[in-house]
Amino acid sequence: MNQLEKKPLTNSSRTPNDEHQPVVLQPVQPKLAGSTPTKRFRFIKPNRSQLNMLAVLTLLGVAIAFWFLAPRDWITPNNDGSTGNIGSVRDRNNQTSSEPTTPFKDAQLERAREAAQNIIDEFVQYQDIIERNQFGTADHIEKYGTIKERANRGDSLMTERRFDEAQSEYELALEEIEQLLDDMNSEFDHWVEQGTEALQDRDFESSLDAWSRAQSIKPLDQDVQAQLVRVQLLPKVNELIRESDRAKIKEDWVQALEYLNEVTQLDPLTLGIADRREEILERITSQDLNDALTAGHEQLAGNNFDSAEQIFEEILVDYPENTAAQTGLQQVRRERLAEKIEGLRVAGIEKENELDLRGALKIYDEALALDNSLRFATEGRDRVFEIISVVNDMNDTMQDPHALSADEAYNEAKETLETAQNHRGHSEEYDKLLQDFADLVSYAGTQLPVVLVSDGLTDVTLTTSHRIGSFQKHELTLRPGRYILHGSRDGWVDIRETFIVEQDMEPVSIVCEEQI
(Lines give C-alpha, C1' and ligand atoms only; values in the text may rest on other atoms or scores of the structure.)
Protein backbone atom coordinates (compact mmCIF):
# COMPACT_ATOMS: atom_id res chain seq x y z
CA MET A 1 0.00 0.00 0.00
CA ASN A 2 1.40 3.39 -0.92
CA GLN A 3 1.56 6.10 1.61
CA LEU A 4 -0.93 8.91 1.48
CA GLU A 5 0.58 12.07 0.10
CA LYS A 6 -0.27 15.46 1.52
CA LYS A 7 -1.56 18.00 -1.00
CA PRO A 8 -2.16 21.69 -0.56
CA LEU A 9 -5.85 22.38 -0.51
CA THR A 10 -5.74 25.92 -2.06
CA ASN A 11 -4.80 27.32 -5.44
CA SER A 12 -2.58 30.05 -4.06
CA SER A 13 0.28 28.90 -6.31
CA ARG A 14 0.33 26.76 -9.42
CA THR A 15 2.60 23.78 -9.96
CA PRO A 16 2.97 21.33 -12.78
CA ASN A 17 0.36 19.22 -11.08
CA ASP A 18 -2.06 22.14 -11.12
CA GLU A 19 -2.83 21.44 -14.71
CA HIS A 20 -5.26 18.86 -13.39
CA GLN A 21 -6.93 21.40 -11.09
CA PRO A 22 -10.30 22.90 -12.30
CA VAL A 23 -9.88 26.14 -14.13
CA VAL A 24 -12.00 29.00 -12.79
CA LEU A 25 -12.67 31.60 -15.48
CA GLN A 26 -13.04 35.18 -14.36
CA PRO A 27 -15.51 37.34 -16.37
CA VAL A 28 -13.70 39.93 -18.38
CA GLN A 29 -15.53 42.96 -19.81
CA PRO A 30 -15.06 42.96 -23.53
CA LYS A 31 -13.80 46.01 -25.26
CA LEU A 32 -17.05 47.14 -26.60
CA ALA A 33 -17.49 49.98 -28.86
CA GLY A 34 -17.03 53.30 -27.18
CA SER A 35 -14.79 51.95 -24.52
CA THR A 36 -12.09 54.18 -25.77
CA PRO A 37 -12.76 57.56 -27.27
CA THR A 38 -12.33 57.62 -31.01
CA LYS A 39 -13.34 59.89 -33.62
CA ARG A 40 -15.45 57.29 -35.47
CA PHE A 41 -17.31 55.59 -32.49
CA ARG A 42 -19.04 56.68 -29.39
CA PHE A 43 -20.09 54.84 -26.23
CA ILE A 44 -23.60 53.41 -26.12
CA LYS A 45 -24.76 52.21 -22.67
CA PRO A 46 -26.07 48.59 -22.77
CA ASN A 47 -29.51 47.83 -21.61
CA ARG A 48 -30.52 45.21 -19.00
CA SER A 49 -31.33 42.45 -21.50
CA GLN A 50 -27.88 42.77 -22.97
CA LEU A 51 -26.24 42.38 -19.56
CA ASN A 52 -28.23 39.21 -18.82
CA MET A 53 -27.15 37.67 -22.09
CA LEU A 54 -23.49 38.44 -21.32
CA ALA A 55 -23.72 36.65 -17.94
CA VAL A 56 -25.27 33.55 -19.55
CA LEU A 57 -22.51 33.38 -22.14
CA THR A 58 -19.84 33.73 -19.45
CA LEU A 59 -21.21 30.81 -17.36
CA LEU A 60 -21.50 28.67 -20.47
CA GLY A 61 -17.85 29.33 -21.29
CA VAL A 62 -16.78 28.32 -17.78
CA ALA A 63 -18.74 25.04 -18.03
CA ILE A 64 -17.19 24.20 -21.40
CA ALA A 65 -13.66 24.94 -20.07
CA PHE A 66 -14.27 22.72 -17.01
CA TRP A 67 -15.47 19.85 -19.21
CA PHE A 68 -12.31 19.79 -21.30
CA LEU A 69 -9.72 20.66 -18.66
CA ALA A 70 -10.87 18.79 -15.47
CA PRO A 71 -9.73 15.06 -14.79
CA ARG A 72 -12.27 12.45 -15.88
CA ASP A 73 -12.70 10.87 -12.43
CA TRP A 74 -13.71 14.28 -11.06
CA ILE A 75 -16.53 14.30 -13.48
CA THR A 76 -17.43 10.60 -13.18
CA PRO A 77 -16.38 9.37 -9.67
CA ASN A 78 -16.09 5.65 -8.80
CA ASN A 79 -19.01 5.39 -6.44
CA ASP A 80 -18.66 1.69 -5.58
CA GLY A 81 -15.40 2.31 -3.66
CA SER A 82 -13.68 -0.90 -4.94
CA THR A 83 -10.21 -0.94 -6.56
CA GLY A 84 -8.00 -3.54 -8.13
CA ASN A 85 -5.20 -3.39 -5.51
CA ILE A 86 -4.16 -1.96 -2.17
CA GLY A 87 -2.15 0.76 -3.89
CA SER A 88 -5.34 2.74 -4.62
CA VAL A 89 -4.84 4.52 -1.30
CA ARG A 90 -1.83 6.33 -2.74
CA ASP A 91 -3.57 7.25 -6.04
CA ARG A 92 -6.61 8.67 -4.37
CA ASN A 93 -4.57 10.72 -1.97
CA ASN A 94 -2.86 12.35 -4.94
CA GLN A 95 -6.25 13.56 -6.25
CA THR A 96 -7.85 16.75 -5.07
CA SER A 97 -11.49 17.32 -4.57
CA SER A 98 -13.51 19.10 -7.21
CA GLU A 99 -15.41 20.77 -4.49
CA PRO A 100 -14.91 24.43 -4.02
CA THR A 101 -12.36 25.54 -1.47
CA THR A 102 -13.64 24.99 2.07
CA PRO A 103 -11.04 25.95 4.66
CA PHE A 104 -12.66 24.10 7.57
CA LYS A 105 -13.22 20.90 5.63
CA ASP A 106 -9.75 21.11 4.11
CA ALA A 107 -8.20 21.39 7.58
CA GLN A 108 -10.29 18.44 8.68
CA LEU A 109 -9.06 16.45 5.68
CA GLU A 110 -5.45 17.30 6.52
CA ARG A 111 -5.89 16.09 10.07
CA ALA A 112 -7.53 12.89 8.84
CA ARG A 113 -4.66 12.34 6.44
CA GLU A 114 -2.10 12.82 9.20
CA ALA A 115 -3.97 10.44 11.53
CA ALA A 116 -4.23 7.81 8.81
CA GLN A 117 -0.64 8.23 7.62
CA ASN A 118 0.98 6.43 10.60
CA ILE A 119 -1.50 3.57 10.34
CA ILE A 120 -0.88 3.26 6.61
CA ASP A 121 2.91 3.35 7.05
CA GLU A 122 2.77 0.51 9.57
CA PHE A 123 0.37 -1.45 7.38
CA VAL A 124 2.71 -1.08 4.42
CA GLN A 125 5.60 -2.44 6.50
CA TYR A 126 3.65 -5.62 7.26
CA GLN A 127 2.49 -5.77 3.66
CA ASP A 128 6.09 -5.54 2.44
CA ILE A 129 7.15 -8.32 4.81
CA ILE A 130 4.45 -10.67 3.57
CA GLU A 131 4.83 -9.92 -0.13
CA ARG A 132 8.62 -9.60 -0.25
CA ASN A 133 9.08 -12.93 1.56
CA GLN A 134 6.11 -14.59 -0.16
CA PHE A 135 4.67 -15.59 3.20
CA GLY A 136 1.54 -17.66 3.56
CA THR A 137 -0.32 -20.72 2.45
CA ALA A 138 -3.43 -20.55 0.23
CA ASP A 139 -5.59 -19.93 3.32
CA HIS A 140 -3.30 -17.15 4.50
CA ILE A 141 -3.31 -15.53 1.04
CA GLU A 142 -7.09 -15.63 0.98
CA LYS A 143 -7.25 -13.88 4.35
CA TYR A 144 -4.63 -11.42 3.13
CA GLY A 145 -6.82 -10.54 0.12
CA THR A 146 -9.76 -9.85 2.43
CA ILE A 147 -7.56 -7.54 4.52
CA LYS A 148 -6.47 -5.61 1.43
CA GLU A 149 -10.11 -5.15 0.42
CA ARG A 150 -10.76 -3.58 3.81
CA ALA A 151 -7.85 -1.21 3.27
CA ASN A 152 -9.24 -0.34 -0.16
CA ARG A 153 -12.57 0.50 1.41
CA GLY A 154 -10.71 2.84 3.71
CA ASP A 155 -9.21 4.51 0.62
CA SER A 156 -12.66 5.01 -0.87
CA LEU A 157 -14.06 6.40 2.35
CA MET A 158 -11.13 8.79 2.63
CA THR A 159 -11.80 10.01 -0.89
CA GLU A 160 -15.43 10.60 0.03
CA ARG A 161 -14.25 12.60 3.07
CA ARG A 162 -15.77 10.08 5.42
CA PHE A 163 -12.69 10.36 7.59
CA ASP A 164 -13.78 8.57 10.76
CA GLU A 165 -15.06 5.58 8.83
CA ALA A 166 -11.88 5.49 6.72
CA GLN A 167 -9.64 5.56 9.78
CA SER A 168 -11.69 2.78 11.38
CA GLU A 169 -11.20 0.62 8.28
CA TYR A 170 -7.47 1.34 8.26
CA GLU A 171 -7.17 0.43 11.94
CA LEU A 172 -9.08 -2.83 11.45
CA ALA A 173 -6.94 -3.67 8.40
CA LEU A 174 -3.76 -3.02 10.41
CA GLU A 175 -5.03 -5.14 13.30
CA GLU A 176 -5.99 -7.98 10.96
CA ILE A 177 -2.66 -7.96 9.07
CA GLU A 178 -0.77 -7.96 12.37
CA GLN A 179 -2.85 -10.92 13.54
CA LEU A 180 -2.35 -12.69 10.21
CA LEU A 181 1.43 -12.30 10.46
CA ASP A 182 1.34 -13.47 14.09
CA ASP A 183 -0.72 -16.50 13.08
CA MET A 184 1.69 -17.33 10.27
CA ASN A 185 4.67 -17.01 12.60
CA SER A 186 2.98 -19.13 15.27
CA GLU A 187 2.08 -21.85 12.78
CA PHE A 188 5.60 -21.66 11.31
CA ASP A 189 7.21 -21.95 14.76
CA HIS A 190 4.95 -24.89 15.58
CA TRP A 191 5.97 -26.84 12.48
CA VAL A 192 9.61 -25.92 12.97
CA GLU A 193 9.43 -27.30 16.50
CA GLN A 194 7.68 -30.45 15.29
CA GLY A 195 10.15 -30.85 12.45
CA THR A 196 13.15 -30.34 14.72
CA GLU A 197 11.93 -32.99 17.17
CA ALA A 198 11.13 -35.44 14.38
CA LEU A 199 14.51 -34.82 12.75
CA GLN A 200 16.28 -35.36 16.06
CA ASP A 201 14.33 -38.63 16.42
CA ARG A 202 15.28 -39.45 12.81
CA ASP A 203 11.55 -39.89 11.95
CA PHE A 204 11.57 -39.37 8.20
CA GLU A 205 7.80 -39.19 7.56
CA SER A 206 7.01 -36.84 10.45
CA SER A 207 9.99 -34.57 9.81
CA LEU A 208 9.24 -34.34 6.09
CA ASP A 209 5.61 -33.42 6.79
CA ALA A 210 6.48 -30.80 9.42
CA TRP A 211 9.25 -29.09 7.45
CA SER A 212 7.13 -29.13 4.26
CA ARG A 213 4.35 -27.37 6.14
CA ALA A 214 6.82 -24.84 7.51
CA GLN A 215 8.12 -24.25 3.98
CA SER A 216 4.57 -23.68 2.68
CA ILE A 217 4.30 -20.78 5.16
CA LYS A 218 7.76 -19.30 4.54
CA PRO A 219 9.01 -20.71 1.23
CA LEU A 220 12.09 -18.51 1.10
CA ASP A 221 13.35 -19.35 4.61
CA GLN A 222 16.90 -20.66 4.16
CA ASP A 223 16.94 -22.59 7.42
CA VAL A 224 13.82 -24.50 6.39
CA GLN A 225 15.42 -25.31 3.05
CA ALA A 226 18.55 -26.55 4.81
CA GLN A 227 16.49 -28.75 7.14
CA LEU A 228 14.61 -30.22 4.19
CA VAL A 229 17.95 -31.18 2.67
CA ARG A 230 18.78 -32.98 5.92
CA VAL A 231 15.38 -34.70 5.83
CA GLN A 232 16.12 -36.07 2.35
CA LEU A 233 19.36 -37.57 3.69
CA LEU A 234 17.59 -39.14 6.66
CA PRO A 235 16.85 -42.60 5.10
CA LYS A 236 20.53 -43.07 4.25
CA VAL A 237 21.57 -41.79 7.69
CA ASN A 238 19.20 -44.26 9.39
CA GLU A 239 20.55 -47.14 7.32
CA LEU A 240 24.16 -46.32 8.20
CA ILE A 241 23.29 -46.12 11.91
CA ARG A 242 21.57 -49.52 11.70
CA GLU A 243 24.66 -50.98 10.04
CA SER A 244 26.80 -49.47 12.78
CA ASP A 245 24.62 -51.11 15.43
CA ARG A 246 24.92 -54.49 13.66
CA ALA A 247 28.70 -54.14 13.62
CA LYS A 248 28.64 -53.34 17.35
CA ILE A 249 26.73 -56.56 18.04
CA LYS A 250 29.51 -58.44 16.22
CA GLU A 251 32.05 -56.42 18.24
CA ASP A 252 33.51 -55.16 14.98
CA TRP A 253 34.21 -51.79 16.53
CA VAL A 254 36.33 -50.42 13.70
CA GLN A 255 33.61 -51.05 11.10
CA ALA A 256 30.97 -49.62 13.43
CA LEU A 257 33.02 -46.45 13.69
CA GLU A 258 33.41 -46.25 9.90
CA TYR A 259 29.62 -46.24 9.45
CA LEU A 260 29.28 -43.39 11.93
CA ASN A 261 31.97 -41.44 10.07
CA GLU A 262 29.88 -41.77 6.89
CA VAL A 263 26.88 -40.41 8.78
CA THR A 264 28.92 -37.40 9.87
CA GLN A 265 30.00 -36.76 6.29
CA LEU A 266 26.37 -36.85 5.12
CA ASP A 267 24.87 -34.82 7.96
CA PRO A 268 27.23 -33.47 10.62
CA LEU A 269 24.21 -32.26 12.66
CA THR A 270 22.75 -35.73 13.22
CA LEU A 271 21.92 -35.93 16.90
CA GLY A 272 23.62 -38.56 19.07
CA ILE A 273 26.46 -39.43 16.69
CA ALA A 274 29.10 -37.96 19.01
CA ASP A 275 27.85 -40.10 21.91
CA ARG A 276 27.77 -43.21 19.72
CA ARG A 277 31.29 -42.51 18.47
CA GLU A 278 32.54 -41.96 22.01
CA GLU A 279 31.00 -45.27 23.12
CA ILE A 280 32.67 -47.13 20.25
CA LEU A 281 36.00 -45.42 20.87
CA GLU A 282 35.75 -46.46 24.50
CA ARG A 283 35.09 -50.04 23.39
CA ILE A 284 38.04 -49.90 20.98
CA THR A 285 40.21 -48.40 23.67
CA SER A 286 39.00 -51.02 26.14
CA GLN A 287 39.73 -53.79 23.66
CA ASP A 288 43.20 -52.39 22.93
CA LEU A 289 43.79 -52.04 26.64
CA ASN A 290 42.70 -55.60 27.32
CA ASP A 291 44.93 -56.85 24.50
CA ALA A 292 47.86 -54.92 25.95
CA LEU A 293 47.18 -56.27 29.45
CA THR A 294 46.95 -59.79 28.06
CA ALA A 295 50.24 -59.36 26.23
CA GLY A 296 51.86 -58.05 29.39
CA HIS A 297 50.72 -61.06 31.42
CA GLU A 298 51.86 -63.44 28.67
CA GLN A 299 55.32 -61.93 28.82
CA LEU A 300 55.19 -62.15 32.58
CA ALA A 301 54.22 -65.84 32.47
CA GLY A 302 57.20 -66.46 30.21
CA ASN A 303 59.46 -64.69 32.71
CA ASN A 304 60.17 -62.01 30.11
CA PHE A 305 60.14 -59.40 32.81
CA ASP A 306 61.67 -56.57 30.81
CA SER A 307 59.05 -56.88 28.04
CA ALA A 308 56.21 -57.23 30.53
CA GLU A 309 57.40 -54.23 32.50
CA GLN A 310 57.62 -52.11 29.34
CA ILE A 311 54.06 -53.02 28.30
CA PHE A 312 52.57 -52.19 31.71
CA GLU A 313 54.51 -48.93 31.93
CA GLU A 314 53.27 -47.87 28.46
CA ILE A 315 49.69 -48.56 29.54
CA LEU A 316 50.15 -46.42 32.64
CA VAL A 317 51.44 -43.53 30.52
CA ASP A 318 48.02 -43.34 28.80
CA TYR A 319 45.96 -44.59 31.76
CA PRO A 320 47.74 -43.60 34.98
CA GLU A 321 44.83 -44.80 37.14
CA ASN A 322 44.50 -48.23 35.50
CA THR A 323 44.65 -50.64 38.44
CA ALA A 324 45.16 -53.71 36.23
CA ALA A 325 48.33 -52.22 34.76
CA GLN A 326 49.48 -51.09 38.19
CA THR A 327 48.92 -54.59 39.58
CA GLY A 328 50.67 -56.12 36.57
CA LEU A 329 53.69 -53.88 37.04
CA GLN A 330 53.85 -54.74 40.73
CA GLN A 331 53.56 -58.42 39.87
CA VAL A 332 56.42 -58.10 37.37
CA ARG A 333 58.62 -56.56 40.02
CA ARG A 334 57.64 -59.16 42.61
CA GLU A 335 58.24 -62.06 40.28
CA ARG A 336 61.46 -60.58 39.01
CA LEU A 337 62.59 -60.26 42.63
CA ALA A 338 61.35 -63.77 43.34
CA GLU A 339 63.26 -65.10 40.36
CA LYS A 340 66.39 -63.35 41.50
CA ILE A 341 65.97 -64.64 45.02
CA GLU A 342 65.36 -68.14 43.70
CA GLY A 343 68.51 -67.82 41.64
CA LEU A 344 70.41 -66.84 44.76
CA ARG A 345 68.95 -69.78 46.65
CA VAL A 346 70.01 -72.21 43.95
CA ALA A 347 73.43 -70.60 43.66
CA GLY A 348 73.89 -70.77 47.42
CA ILE A 349 73.11 -74.49 47.46
CA GLU A 350 75.48 -75.04 44.55
CA LYS A 351 78.23 -73.28 46.44
CA GLU A 352 77.47 -75.38 49.51
CA ASN A 353 77.56 -78.55 47.43
CA GLU A 354 80.95 -77.54 46.16
CA LEU A 355 81.91 -76.80 49.76
CA ASP A 356 82.59 -73.25 48.61
CA LEU A 357 81.13 -72.17 51.88
CA ARG A 358 82.43 -68.64 51.75
CA GLY A 359 80.87 -68.20 48.30
CA ALA A 360 77.57 -69.57 49.64
CA LEU A 361 77.69 -67.22 52.57
CA LYS A 362 78.19 -64.26 50.24
CA ILE A 363 75.15 -65.29 48.21
CA TYR A 364 72.94 -65.65 51.26
CA ASP A 365 74.03 -62.24 52.48
CA GLU A 366 73.03 -60.80 49.09
CA ALA A 367 69.62 -62.45 49.33
CA LEU A 368 69.06 -61.07 52.82
CA ALA A 369 69.93 -57.60 51.53
CA LEU A 370 66.98 -57.94 49.14
CA ASP A 371 64.64 -59.30 51.78
CA ASN A 372 65.85 -59.85 55.33
CA SER A 373 62.91 -62.13 56.02
CA LEU A 374 64.03 -64.81 53.55
CA ARG A 375 64.01 -68.02 55.52
CA PHE A 376 66.24 -69.98 53.15
CA ALA A 377 68.86 -67.25 53.30
CA THR A 378 68.71 -67.01 57.10
CA GLU A 379 68.84 -70.77 57.56
CA GLY A 380 71.43 -71.13 54.86
CA ARG A 381 73.61 -68.51 56.44
CA ASP A 382 73.35 -70.19 59.85
CA ARG A 383 73.94 -73.57 58.30
CA VAL A 384 76.95 -72.35 56.36
CA PHE A 385 78.46 -70.84 59.48
CA GLU A 386 78.00 -74.14 61.34
CA ILE A 387 79.31 -76.21 58.44
CA ILE A 388 82.28 -73.91 58.02
CA SER A 389 83.10 -74.42 61.67
CA VAL A 390 82.63 -78.18 61.63
CA VAL A 391 84.46 -78.61 58.34
CA ASN A 392 87.34 -76.59 59.67
CA ASP A 393 87.41 -78.73 62.80
CA MET A 394 87.28 -81.94 60.79
CA ASN A 395 89.98 -80.75 58.44
CA ASP A 396 92.18 -79.65 61.34
CA THR A 397 91.74 -83.00 63.06
CA MET A 398 92.41 -84.95 59.93
CA GLN A 399 95.57 -82.98 59.32
CA ASP A 400 96.94 -84.40 62.61
CA PRO A 401 94.98 -87.53 63.35
CA HIS A 402 97.59 -88.84 65.86
CA ALA A 403 96.57 -86.02 68.23
CA LEU A 404 93.43 -88.02 68.97
CA SER A 405 95.44 -90.12 71.34
CA ALA A 406 94.84 -87.40 73.90
CA ASP A 407 91.54 -87.82 75.63
CA GLU A 408 90.66 -84.16 75.32
CA ALA A 409 91.31 -84.12 71.59
CA TYR A 410 89.45 -87.34 71.15
CA ASN A 411 86.40 -86.08 73.03
CA GLU A 412 86.38 -82.87 70.95
CA ALA A 413 86.58 -84.96 67.80
CA LYS A 414 83.55 -86.96 68.90
CA GLU A 415 81.59 -83.74 69.52
CA THR A 416 82.63 -82.44 66.12
CA LEU A 417 81.49 -85.68 64.54
CA GLU A 418 78.14 -85.46 66.25
CA THR A 419 77.62 -81.91 64.95
CA ALA A 420 78.83 -82.81 61.48
CA GLN A 421 76.40 -85.70 61.27
CA ASN A 422 73.51 -83.20 61.57
CA HIS A 423 74.36 -82.03 58.07
CA ARG A 424 74.74 -85.43 56.50
CA GLY A 425 73.42 -85.34 52.95
CA HIS A 426 74.34 -81.72 52.53
CA SER A 427 76.50 -82.48 49.52
CA GLU A 428 78.63 -85.24 48.13
CA GLU A 429 81.81 -83.44 49.07
CA TYR A 430 80.59 -82.89 52.57
CA ASP A 431 79.38 -86.42 53.06
CA LYS A 432 82.72 -87.75 51.80
CA LEU A 433 84.57 -85.54 54.27
CA LEU A 434 82.17 -86.55 57.03
CA GLN A 435 82.70 -90.22 56.30
CA ASP A 436 86.45 -89.89 56.40
CA PHE A 437 86.22 -88.02 59.67
CA ALA A 438 83.83 -90.55 61.15
CA ASP A 439 86.19 -93.36 60.19
CA LEU A 440 89.02 -91.51 61.81
CA VAL A 441 87.13 -90.96 65.04
CA SER A 442 85.98 -94.55 65.07
CA TYR A 443 89.53 -95.76 64.55
CA ALA A 444 90.81 -93.38 67.19
CA GLY A 445 88.43 -94.99 69.69
CA THR A 446 89.73 -98.58 69.30
CA GLN A 447 92.24 -100.24 71.67
CA LEU A 448 95.37 -101.59 70.06
CA PRO A 449 97.94 -103.89 71.72
CA VAL A 450 101.28 -102.26 72.42
CA VAL A 451 104.50 -103.99 73.53
CA LEU A 452 107.14 -102.03 75.42
CA VAL A 453 110.63 -103.34 75.98
CA SER A 454 113.34 -102.00 78.33
CA ASP A 455 116.45 -103.07 80.25
CA GLY A 456 114.67 -103.62 83.55
CA LEU A 457 116.65 -100.72 85.04
CA THR A 458 115.01 -97.76 83.37
CA ASP A 459 111.97 -96.34 85.12
CA VAL A 460 109.33 -95.78 82.41
CA THR A 461 106.38 -93.43 82.46
CA LEU A 462 103.70 -93.13 79.73
CA THR A 463 103.10 -89.39 79.65
CA THR A 464 99.59 -89.67 78.41
CA SER A 465 98.47 -92.03 81.13
CA HIS A 466 100.53 -93.23 84.04
CA ARG A 467 103.88 -94.47 85.40
CA ILE A 468 104.74 -97.98 84.37
CA GLY A 469 108.04 -98.53 86.18
CA SER A 470 110.99 -100.63 85.15
CA PHE A 471 110.55 -103.73 83.10
CA GLN A 472 112.05 -105.67 80.36
CA LYS A 473 108.75 -106.22 78.51
CA HIS A 474 105.42 -104.64 79.17
CA GLU A 475 102.19 -105.21 77.24
CA LEU A 476 99.23 -102.81 77.28
CA THR A 477 96.43 -101.52 75.05
CA LEU A 478 96.23 -97.97 73.79
CA ARG A 479 94.06 -96.03 71.41
CA PRO A 480 95.76 -95.14 68.16
CA GLY A 481 97.74 -91.98 68.11
CA ARG A 482 100.83 -90.26 69.33
CA TYR A 483 102.33 -91.15 72.67
CA ILE A 484 105.49 -90.24 74.61
CA LEU A 485 107.53 -92.56 76.84
CA HIS A 486 109.75 -91.01 79.48
CA GLY A 487 112.66 -93.06 80.88
CA SER A 488 114.89 -92.22 83.83
CA ARG A 489 117.73 -93.98 85.71
CA ASP A 490 119.96 -92.69 88.42
CA GLY A 491 123.30 -91.66 87.00
CA TRP A 492 121.99 -91.79 83.48
CA VAL A 493 120.60 -89.18 81.15
CA ASP A 494 116.75 -89.20 80.94
CA ILE A 495 115.31 -90.28 77.66
CA ARG A 496 112.06 -89.36 75.83
CA GLU A 497 110.70 -91.60 73.12
CA THR A 498 107.74 -90.62 70.93
CA PHE A 499 105.90 -93.37 69.13
CA ILE A 500 102.74 -93.88 67.18
CA VAL A 501 100.24 -96.47 68.18
CA GLU A 502 98.83 -98.26 65.20
CA GLN A 503 97.83 -101.70 64.17
CA ASP A 504 100.50 -104.37 63.84
CA MET A 505 103.15 -102.08 65.19
CA GLU A 506 106.61 -103.25 66.29
CA PRO A 507 107.54 -103.30 70.00
CA VAL A 508 108.70 -99.97 71.34
CA SER A 509 112.10 -99.89 73.18
CA ILE A 510 112.83 -97.43 75.95
CA VAL A 511 116.31 -97.58 77.62
CA CYS A 512 118.56 -94.97 79.24
CA GLU A 513 121.86 -95.48 77.47
CA GLU A 514 123.99 -92.45 78.30
CA GLN A 515 125.62 -92.06 81.66
CA ILE A 516 125.92 -88.77 83.32
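Strand β1 (residues 448-453) pairs with strand β4 (residues 473-478) in the antiparallel sense, with 6 bridges between them. Please keep in mind as you look around that this is a predicted model.

**Strand β1 and its partners**
- Within the pairing of β1 and β4, you can find V451 opposite E475 of β4.
- β1 is also joined to strand β7 (residues 508-509), by 2 bridges, and these two strands run parallel.
- In β7, S509 is the residue that stands opposite V453.

**The two faces of β1**
- In a regular strand, side chains alternate between the two faces of the sheet.
- Along β1, the side chains of L448, V450 and L452 point to one face and are buried.

**The β5-β6 hairpin**
- Strand β5 (residues 481-488) and strand β6 (residues 495-501) pair in the antiparallel sense, over 7 bridges.
- L485 stands opposite E497, a residue of β6.
- The two strands β5 and β6 form a hairpin, with 6 residues between them.
- In the turn of this hairpin, G491 has a positive phi of about 85°.

**A glutamate in a helix**
- For a look at a helix, go to α12 (residues 323-353), where you will find E352.
- Is E352 buried or exposed? E352 has a relative accessible area of 1%, which is under 20%, so it counts as buried.
- Leaving aside residues up to four places away in sequence, E352 touches L357, A360, Y364, G380, R383, V384, I387, H426 and S427.

How values were computed
Residues numbered from 1 in each chain as written. Predicted model: local features only at pLDDT ≥ 70, side-chain atom pairs only at ≥ 80, totals over all residues. Heavy atoms only, no water. Helix = DSSP H or I, 4+ residues; strand = E, 2+ residues; numbered from the N terminus. Buried < 20%, exposed > 50% of the residue type's maximum accessible area, 1.4 Å probe, protein only. Contact = heavy atoms within 4.5 Å. Pairing = 2+ DSSP bridges.
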